[in-house]
Amino acid sequence: MATAFNLHRFANPGRFLRLASALLPWLTGGAAVLFAIGLYLALVGSPPDYQQGDTVRIMYIHVPSAWMAMMGYALLGAAGASALIWRHPLADVAGEAIAPVGAGFTFVALATGALWGKPTWGTYWVWDARLTSFLVLFFLYVGHIALTHAFDDRQRGRRSAAIIAIVGLINLPIIKYSVDWWNTLHQSESILRMDGPSIHPAMLWPLFVMIAAFTLYFFAVVVTRMKAMLLEARHRAAAFAR
Amino acid sequence: MSAFVALLRRDLVLSYRQGIDAWVVVLFFLAAGILFPFAIGPEPNALMRVSTGVVLSMAALAALLSLDRLYQNDFEDGSLDLMALGPLPLELAALAKALAHWLSTGLPLLVAAPLLALMLNAPAESYGPMLLALALATPALSLLGGLGAALTLGSRRGGILLTLLILPLYVPVLIFAAGIISRSLLLEGDPTGALLLLCGLDLGLLAITPWATAAALRQALR
């Protein structure tokens, strides 16, 4: 692993903690600034949709949350792989740190989707392929969290959760595909497509800013959680040593 | 290979001698399926509409609920350590356990399925596709379930956690199995696509799950 991108340099928790402390103000500060700009653009600066009116503004929360949910599971799978293959000590911690954040964003995406669905589709929930695969994603996250905390031995829980994260990552495309297939099979509802005209730049830019803000926020929360877990482990070790 | 057969035979003999355990799975399957007429009403057409779906999902639950003891006894009495130390790779041992689980629960469920379908007023032409779908879906469930059983081995709440872990992964299996049935019943419907997809899923799981199960067992034995 003598590459320029050698993650094992950060295997030392002390070094990671120093890096995290240096990085965190930038992540949180950047998220705060981008949220201020993005929320202003999304709620005030951007025009209402010509069909959906102001409800289209839900998109600026909904779409970034969905992106974070998917990115979160990809990161979870990557963390699981590096925990099992390279035994990277921080990857276990990262997995435990990412899962609840990803589950939270998945829930936000589902909830805002339901709230958006009511005025536009006339119903909170339909068994549309996309909604269904996000629901399954939510349960994959929940299973991961439950498994992490199911054992008295913390390391055991994290390693087992790493295995289910990889299996879940392999399965996600299959689930997505099968749900698409299933929905076309049962296609009897009205056409619930919302991708009418492609998005106008006046809405695209606020969306991009919000996605950037969500991404920085995601990493700020994950790094904070990792930092807390490492400090807790250090504290526990110190308490035992006494 | 002889070690594989020996392990398979041992598990089958164990489940045969503890005969009531295999019956419990079948009885659970029937009892859970019989809840539906009480819940949705005895109207024959309503039952017919959901019959094969109920059979599929109850088979999934019955097989899942029988899984939490798959490795538990071996883990507690030390047989699992012996398997890990023995000449048979742990991956093949996991495969033998999953196969034994399928033979001791998947097959009995397959036999009991027509009875439940009959009680739920399933259309006569759906029996063949339903049995075919179950025959292809239950191996996937045993393979995935074996992984879940290994992952939750020694956890605080084994069975229910296993179900939570494995049910999302079971979604594609259920979709393709239901697809075989519904496409067979359509006029000019062709179930070949669903059939091939489910077979492909079975093969994919056959290739992946023994490795993941063995990795999970090594975590448990560490």
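Visitor: Ground rules for numbering and confidence, please?
Guide: Residues count from 1 along each chain as its sequence is written, and chains are lettered from A and ligands numbered from 1 in the order in which they are written. The model is predicted, so local features need pLDDT of at least 70 and side-chain atom pairs pLDDT 80 or more, while totals for chains, interfaces and linings use all residues.

Visitor: How many helices and strands in chain B?
Guide: Nine helices and zero strands. Both are DSSP runs, numbered from the N terminus: helices are H or I, at least four residues; strands are E, at least two.

Visitor: How much of chain B is buried?
Guide: 49% of its 222 residues. Buried means 20 or more other C-beta atoms within 10 Å of the residue's own, with C-beta atoms placed from the backbone.

Visitor: Switching to H3(B). Where is the kink centred?
Guide: On Val50(B), at about 45°. The bend is the angle between axes fitted to the seven residues ending there and the seven starting there.

Visitor: What do the buried residues of H3(B) pack against?
Guide: H2, H6, H7 and H8 of chain B. Among those buried residues are Ser51(B), Met58(B) and Leu65(B).

Visitor: And the interface: how many residues of chain B are in contact with chain A?
Guide: 25, against 25 of chain A. Contact means C-beta atoms, placed from the backbone, within 7 Å.

Visitor: Which element gives the most on the chain B side?
Guide: H8(B), with twelve residues.

Conventions:
Two residues are in contact if their C-beta atoms, placed from the backbone, lie within 7 Å. A residue is buried if 20 or more other C-beta atoms lie within 10 Å of its own, exposed if 12 or fewer, and partly exposed in between; C-beta atoms are placed from the backbone.
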